[in-house]
Amino acid sequence: MTRSASTESPHDKAADTNLKLRAPSQPMAQDRPLRVAIEHVEPELDGGRYPIKRVVGETITVEADLFADGHDVIRGLLCSRHERRDHWQETPLRPLGNDRWRASFDVIELGHYRYTIIGWVDHFATWQRDMRRRVSAQQDITVDLSIGKEMVEEATRRASGPSQQRLNELQARLSRSDFQAQLDLLLDQAAQEAMAETDRRFSSAYERELIVVVDRPKARFSAWYEMFPRSTTDAAQLHGTFKDCESRLPYIAEMGFDVLYLPPIHPIGETHRKGRNNNPQGDAASVGSPWAIGARTGGHTAIHPELGSLDDFKHLMAAAKTKGIEIALDLAFQCSPDHPYVTDHPEWFKARPDGTIQFAENPPKQYQDIFPFNFESDAFPRLWKELRRVVQYWIDQGVRIFRVDNPHTKPFLFWQWLISDVKTSYPETIFLAEAFTRPKVMHHLAKIGFTQSYTYFAWRTSKVELINYFTDLTRSPVREFFRPNLWTNTPDILTEQLQHGGRPVFMARLALAATLGSSYGIYGPAFELVEQRALKPGSEEYLDSEKYEVRRWDLSRRDSLKEFVGLINRIRRENPALQSDESLQFHPIDNDYLLAYSKHSVDGSNIILVVVNLSPHHVHSGWVELDPAAIGIQANRPFQVHDLLTHAYYVWQGQRNYVQLDPHSAPVQIFAVRRNLRREEDFDYYL
């Protein structure tokens, strides 16, 4: 049962709960020593330094160790409230055994919730327990009954409001009753409930209030499509526009994507503009990299003139919304040498001894067309405020999703400040961290505020790599703050597997990304058109990369994976099991080239089992082993699995069942598990 409580913090409800550690000789400040210890609260991130993450509508289950000296009965409450609410909701903790307790609360609003634990010794419940034991042992309970009545009298004097009224009624009934009736009244559950709050004056409170950031559901479940606007042209045009992007929306909607991510849409610098295939020497026809932001026509709050106007961009956003698609913009905090900031604020950049500005480099790689900001400059406060203004500008235009380019190359404190400041006023905003860097750095970015994060999925290709990586993402404390967004490919990442595996690998990797993760993305049309040409052997760069030139794509090609992508996304939308990650479970299968895993919905009504052939060249078969209890089936009863890709039905029975996958026709099977076959004739139909 959850109920509303006082407006005070659980730490302040009783002044006695704020006891600090003192030297043994130092006198206690309260009337009575606190007796309940509260330890090992979960979820708690880095001692409460960072918040955990949830989305609207989810339930947070909290556990803690509560115990006291001696053998008295103890009680505990989970206290929770939204940051905009004064009243705390109180949910009784349930014992799990071995001094472990649990309770849950729902988050129903965007923003921050706070939660903590309080516990106390319940003297009346202890009296009830011991009295039952005395009665069972047929002991003389005359004195003990008087003690119980005195406890009620004393509690009545301290109580107020409804509690005092219930206790007054209990006392009145006690005064009219004989010995046995008094005993029955005092041992009744109603008496325990009436006395429940009387000992909370001396409750212990956990030493801190913990925080959960609550985002909108799209933070947990989303399908992203990355597209270069300038490559949305037909054969008669040179450079795509926002109007061309609008004509591409039905195509994207048919594939089932709900986020359209556009690389930077700002003016592109001309100084040191890159040519085709990252040639450092461009020519008059070179269009440059969109990440070289800034020219005479403006910087981070301007639009590349060849794409159109601000009104055209807003029209694109409105048109996308009618298709159920939200536009995500790239947030790349860097400048071309032609950016107005370079002239107006040279103090925001690092000067070299020869007087020139330091360009970006990752030796031996050099990026002369990009100047990084110097976040250690003495002028950093003004720089921070200006970059915050840039984000606000696009928020004012209606943008609520940002893909952040290389956030690990900017100060953590900057992102923590900026994201917190934005989400205070716009809690629906989503920030995706594109940080392919060391695990601890990626994790820290998630802790300090990034809503979603790129992952190492692209390079996890073997069975053991996938199992180990996703077990860590979904079964370790990382799951409390790190929301993975799995990308099959990006303009920078054409993995060796995609280069050489052909169509079967593209299909398998799409299915893995879309079912292992509740959020995923593809860079298209390169992906659905199975673009696998690398710049050179050993490189993950695309040949004729869109980063440096306008590409024209034949979307009508018969070998396109468009229909397969659309089917995968439809399966995701129709099956709640695939819309979160916490239930992911891998299943043994006796073939190293076959991967089997399942997910289930919160209520257990929707169960999805996925089997993927990780080999692009050979047919593989094996016996998948299922834990009946884990997927909610009876161990010795037949059950049905429905392949949602081919619409084939199979009747399985027991823990071990046979699968066979041909990578050239069906490299993946996505089964909906149906626990029960209702009629005997079902067996004849499906067998």
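A crossing of two helices is called right-handed if the near helix is turned clockwise from the far one by less than a right angle, and left-handed if anticlockwise. In this predicted model, the crossing of helix H13 and helix H14 is right-handed.

**The helix pair H13 and H14**

Two packed helices are described by the angle between their axes and the distance between the axes. For H13 and H14 (residues 562-574), the axes come within 11 Å and cross at roughly 20 degrees. Because angles under 35 degrees count as roughly parallel, H13 is roughly parallel to H14. On the side of H13, the contact is made by Met 507, Leu 510, Ala 511 and Ala 514, and these meet Phe 564, Val 565, Ile 568 and Arg 572 of H14.

Which residues does Ser 539 touch, if residues up to four places away in sequence are not counted? Leaving out those sequence neighbours, Ser 539 touches Leu 494, Gln 499 and Ala 534. Ser 539 itself has its place in the loop between strand S23 (519-523) and H14, and with a relative accessible area of 11% it is buried, since buried means under 20%.

**The chain as a whole and its cores**

The protein chain comes to 16 helices and 31 strands, and along its principal axes the C-alpha trace spans about 105 × 75 × 45 Å. Of the 687 residues in the chain, 56% are buried. Among contacts between residues at least 6 apart in sequence, 76% join residues that are at least 24 apart.

The largest nonpolar core has 153 residues, and those with the most contacts inside it are Ile 117, Phe 313, Phe 333, Phe 373, Phe 470, Leu 516 and Tyr 520. Helix H13 (residues 496-516) gives the most to this core, with 11 residues. Phe 333 shows such a neighbourhood in detail: not counting residues up to four places away in sequence, Phe 333 touches His 300, Phe 373, Leu 387, Val 390, Val 391, Lys 410, Phe 414, Trp 415 and Leu 418. A second, separate core has 18 residues, among them Ile 141, Ala 155, Leu 183 and Met 195.

**An antiparallel sheet**

Four strands form an open sheet in the order S2-S4-S8-S7, with antiparallel pairing. Its edge strands, each pairing on one side only, are S2 (36-42) and S7 (94-97). Neighbouring strands of this sheet are turned by 35 degrees against each other on average, if direction is ignored. Within the sheet, strand S4 (residues 59-68) and strand S8 (residues 100-106) run antiparallel and are joined by 7 bridges, and Glu 63 stands opposite Arg 102 in S8.

**Backbone features**

Where does His 40 lie? His 40 lies in strand S2, and although it is not a glycine, it has a positive phi of about 50 degrees. With a relative accessibility of 51%, His 40 counts as exposed, because exposed means over 50%. Gln 138, also not a glycine, has a positive phi of about 60 degrees and lies in the loop between helix H1 (123-136) and helix H2 (142-158). Its relative accessible area of 74% makes Gln 138 exposed.

Is Gly 654 buried or exposed? At 16% relative accessibility Gly 654 counts as buried, because the cut-off for buried is under 20% relative accessible area. Gly 654 has its place in the loop between strand S29 (649-653) and strand S30 (656-661). Computed along the chain is not the whole picture here: Gly 654 and Ile 633 are 21 residues apart in sequence and 9.1 Å apart in space, C-alpha to C-alpha. Not counting residues up to four places away in sequence, Gly 654 touches Ala 635, Arg 637 and Phe 639.

Notes. Residues numbered from 1 in each chain as written. Predicted model: local features only at pLDDT ≥ 70, side-chain atom pairs only at ≥ 80, totals over all residues. Heavy atoms only, no water. Pairing = 2+ DSSP bridges. Helix = DSSP H or I, 4+ residues; strand = E, 2+ residues; numbered from the N terminus. Axes fitted to C-alpha atoms, helices over the stretch in contact; angles between N-to-C directions. Core = buried A, V, L, I, M, F, W, Y, C linked by side-chain atoms within 4.5 Å. Buried < 20%, exposed > 50% of the residue type's maximum accessible area, 1.4 Å probe, protein only. Contact = heavy atoms within 4.5 Å. Parallel < 35°, antiparallel > 145°, perpendicular 65-115°, else oblique.
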